[in-house]
Amino acid sequence: MNNTSVNSSSVPFIGRLLMSAIFLLSGVGKLAAPAGTIGYIASSGLPFATLGFIVAVIVEVGGGVLLVLGYKTRLVASVLALFTIAAGLAFHHAFGDQNQMIHFLKNLAMAGGLLQVAAFGAGAYSLDNRTPAIAQRTA
């Protein structure tokens with residue numbers, strides 16, 4: 001498959017859908033248990049746990065939805081990649097613990113996939129690519 005056929009296929013949409021699942025589920029989970037989430041953020045030593053909770057929910061739910069829709073996809077994927085690396089460093093930095101190391105590496109792998117989206121765009125089935133003229137303005 002060449003780049004043209006891949007970008008016009010449903011593969012980029014399926015990839016965006018799969019990548020967004022973890023953000024959407026995590027964000028909704030945080031909304032379902034705000035006190036526990038805020039407590040966890042505070043227990044990790046981060047300041048302004050409530051603000052962190054609000055930012056995380058906005059980034060995860062908002063970013064997840066926008067990624068699925070393919071709207072401002074390059075920007076959204078970049079923000080999600082930075083958020084994922086920051087979350088990995090903040091919450092999975094106990095590298096002596098194999099489980100935490102795996103979670104950190106998972107975050108790096110997710111960021112790598114998101115950076116691929118940031119580099120190559122949303123693909124054919126996206127709001128960014130509704131028409132050629134609109135796609136140019138939203139890229």
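Is N107 buried or exposed? I looked it up, and N107 is buried, with a relative accessible area of 6%. The word has a cut-off: buried means under 20% relative accessible area, exposed means over 50%, and partly exposed is in between, using a 1.4 Å probe and protein chains only.

**Entry: ground rules**

I noted that this is a predicted model, where local features need pLDDT of at least 70, side-chain atom pairs count only at pLDDT 80 or more, and totals for chains, interfaces and linings use all residues. Residues are numbered from 1 along each chain as its sequence is written, and side-chain values use heavy atoms, with hydrogens and water left out.

**Entry: the overall fold**

I found 7 helices and 0 strands in the protein. From the N terminus on, the order reads α-α-α-α-α-α-α. Helices (H or I, at least four residues) and strands (E, at least two) are DSSP runs, numbered from the N terminus.

The protein has 139 residues, and 33% of them count as buried. I also checked contacts, where contact means heavy atoms within 4.5 Å. Among the contacts with a separation of 6 or more, 68% join residues 24 or more positions apart. The exposed surface comes to about 8000 Å², with carbon and sulfur atoms supplying 72% of it. Accessible areas here come from the Shrake-Rupley method with a 1.4 Å probe, and for residues only the protein chains shown count as cover.

**Entry: back to N107**

N107 sits in helix α6. I listed what N107 touches, not counting residues up to four places away in sequence: T84, A87, G88 and H92. I then took a C-alpha distance to L89, and N107 and L89 are 9.1 Å apart in space and 18 residues apart in sequence.

L89 belongs to helix α5 and is partly exposed, with a relative accessible area of 48%. From L89 I went on to F104, which is 15 residues away in sequence and 7.3 Å away in space, C-alpha to C-alpha.

**Entry: the largest pocket**

How much space lies in the largest pocket? I wrote down about 620 Å³. A pocket is an open set of points on a 1 Å grid over the protein atoms alone, where a 1.4 Å probe fits, with protein on both sides within 12 Å along at least five of seven lines; lining residues have an atom within 4 Å of a point. The volume is the space filled by probe spheres set on the points, which are joined across faces, edges and corners.

The lining has 26 residues, and K30, E60, F83, A87 and F91 lie nearest the centre of the pocket. Helices α2 (11-32), α3 (34-43), α4 (49-69), α5 (73-91) and α6 (98-120) each supply at least two lining residues. The largest share, 7 residues, comes from α5. Sorted by class, I have 16 nonpolar, 7 polar and 3 charged residues in the lining. For this, Ala, Val, Leu, Ile, Met, Phe, Trp, Tyr, Cys and Pro count as nonpolar, Asp, Glu, Lys and Arg as charged, and the others, Gly among them, as polar.

S20 lies in helix α2 and is buried, at a relative accessible area of 1%. Leaving out residues up to four places away in sequence, S20 touches G64, L67 and V68.

S126 is in the loop between α6 and α7 (132-138). S126 is also buried, with a relative accessible area of 10%. Its side chain reaches the backbone oxygen of G123 at 2.9 Å. Apart from neighbours within four places in sequence, S126 is in contact with R16, L69 and G70.

In that loop between α6 and α7 I also looked up A124, which is partly exposed at 32% relative accessible area. The C-alpha atoms of A124 and F13 are separated by 7.8 Å, although the two residues are 111 apart along the chain.

**Entry: positive phi values**

Most residues other than glycine have a negative phi. F48 has a phi near 55°, a positive value. F48 lies in the loop between α3 and α4 and is exposed, with a relative accessible area of 66%.

K72 has a positive phi too, of about 50°. K72 is in the loop between α4 and α5, and at 30% relative accessibility it counts as partly exposed.

Terms used: A polar contact is a pair of N or O atoms within 3.5 Å; within protein, one must be able to donate a hydrogen and the other to accept it, and residues adjacent in sequence count only if both atoms are side-chain atoms.
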